[in-house]
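Visitor: I would like to learn how to read salt bridges and surface patches in a model. Please take me through them one by one.

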Amino acid sequence: MKLTHFFRLSWSVQLLVGLGLFMVSFMIESTVLQAFIAAPVLAVLLAAALETGKAIAIIWHRYLELHLDSHQLYPRSTRIASAVFRIGLVGLSVLCSLLFLSDNLDRPNLDQVREGDVMRIEQQFAQDIASLDKSLALRREQLLERQKIEYDDVRGAFVERTQRLESDLKAEMDNVVNGTFKGPRYQEIESRINVALKARDDRLEELSKMHQQQKAYAAAELGAEETAQRNRLRKDLENQRERLMQRDYADDERANDTRIVAFLKVVESVFDVTVLPLQFVFAFSILLSLLMEIGILLAFETVTVAMMPALRAQHEETLNNELLDAQLRGEMQRDTAEHEAAVTRIRRTGDRVMEKAHEFMSATG
């Protein structure tokens, strides 16, 4: 009795495991199909039909394989069609599981890492632009400072000269001749002062024009240089951004799962074997997908084999009952047909007798 309970419990657990794996496989397949089929309802219905067909095909193939030994009842063409159908469905489930697991395990931090790298180069671009603006502003300030020094030097040179002449002029004012202090020497000094002042003004005006030309030339040159530098920096930014968008980050530890990276480091240190994260993800996805499909196949196959005696007895009993019922219906139909045929013959005989009686009565009348 205890052994019977054990087998019943094992059978129930096996069935629950198969149903659980079946539901997981169905959910994964429906999720993947929804990514390829625009109508979600159609994707779910297709996944449900395919997964149900897979389970039913496994059960019926095993049942017919064990129950029907005759190749006429379960011909080779049907066996081949069943095998192709089951292998195709298992392959589809493995592929969907591989796509689903790869999508979840393959570089889960890729978007964050790529976004961080793009943000870093954009910050560097902003810093380069600020540095360029600062450099150009410094060069403009240096030009203005140099022009101011030149202007002050020229002005200082003339100030020193005019101060010396003004000093001589003041000294000449104390030299009074016949009551007049503005003599020829005074006038000569005054004339020299006027010439010096005019020369100063001319020189300062000439220097101012030259400074204006320098400012215009520097503005054009710095403007062209600023435009070229900005274009170069922006082009470098676009090139770096494009390279980042095309980069797969396959060997970047930041983009991959930290547990996978840690495990591969342990494998490399222990076995001296280098395995890329994408290779591990592919192998892990294949292993898990195959285990799911093999688990489903084993569960339904085992349950079918375990239920085979009961299913066979029930199936045979049902077939016998249907066969007996068909025989009884056939006999009833034959009896009914024979009865109807006899009644028809009697009716025709009676009709002929009545016709003859009418003919006789007409003849004797």
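Guide: Start with Asp117, which counts as buried because its relative accessibility is 5%. The cut-offs are under 20% relative accessible area for buried, over 50% for exposed, and partly exposed in between (1.4 Å probe, protein chains only).

Visitor: What should I know about the model and the numbering?

Guide: This is a predicted model, in which local features need pLDDT of at least 70 and side-chain atom pairs count only at pLDDT 80 or more, while totals for chains, interfaces and linings use all residues. Residues are numbered from 1 along each chain as its sequence is written, and side-chain values use heavy atoms, with hydrogens and water left out.

Visitor: Which side chain meets that of Asp117 in a salt bridge?

Guide: Side chains of opposite charge can pair when their charged atoms come close. The rule here asks for a side-chain nitrogen of Lys or Arg within 4 Å of a carboxyl oxygen of Asp or Glu. Asp117 pairs with Arg254 at 3.1 Å, N to O. The two sit in distant parts of the chain, 137 residues apart: Asp117 in helix α4 (residues 110-173), Arg254 in the loop between α5 (184-246) and α6 (258-271). Helices are DSSP runs (H or I, at least four residues), numbered from the N terminus. Arg254, at 43% relative accessibility, is partly exposed.

Visitor: How many salt bridges does the rule give?

Guide: The count is 11 salt bridges. One of the pairs is Glu122 with Arg241, whose closest N and O atoms are 2.9 Å apart. Glu122 belongs to helix α4 and Arg241 to helix α5, so this pair ties together parts 119 residues apart in sequence. Glu122 is partly exposed, at 35% relative accessibility.

Visitor: Is Asp257, the partner of Arg259, buried or exposed?

Guide: Asp257 is buried, at 16% relative accessibility, whereas Arg259 is exposed at 64%. Their closest N and O atoms are 3.0 Å apart. Elsewhere, salt bridges with shared partners join Asp133, Arg140, Glu226 and Arg230 into one network.

Visitor: Which residues make the nonpolar surface patch of about 390 Å²?

Guide: Accessible areas come from the Shrake-Rupley method with a 1.4 Å probe, and for residues only the protein chains shown count as cover. Here the patch is made by Val266, Val270, Phe271 and Val273. Val266 lies in helix α6 and is partly exposed, with a relative accessible area of 47%.

Notes:
Patches are made of residues with over 30% relative accessible area and no salt bridge: like charges are joined within 9 Å, nonpolar side chains (Val, Leu, Ile, Met, Phe, Trp, Tyr) within 5 Å.
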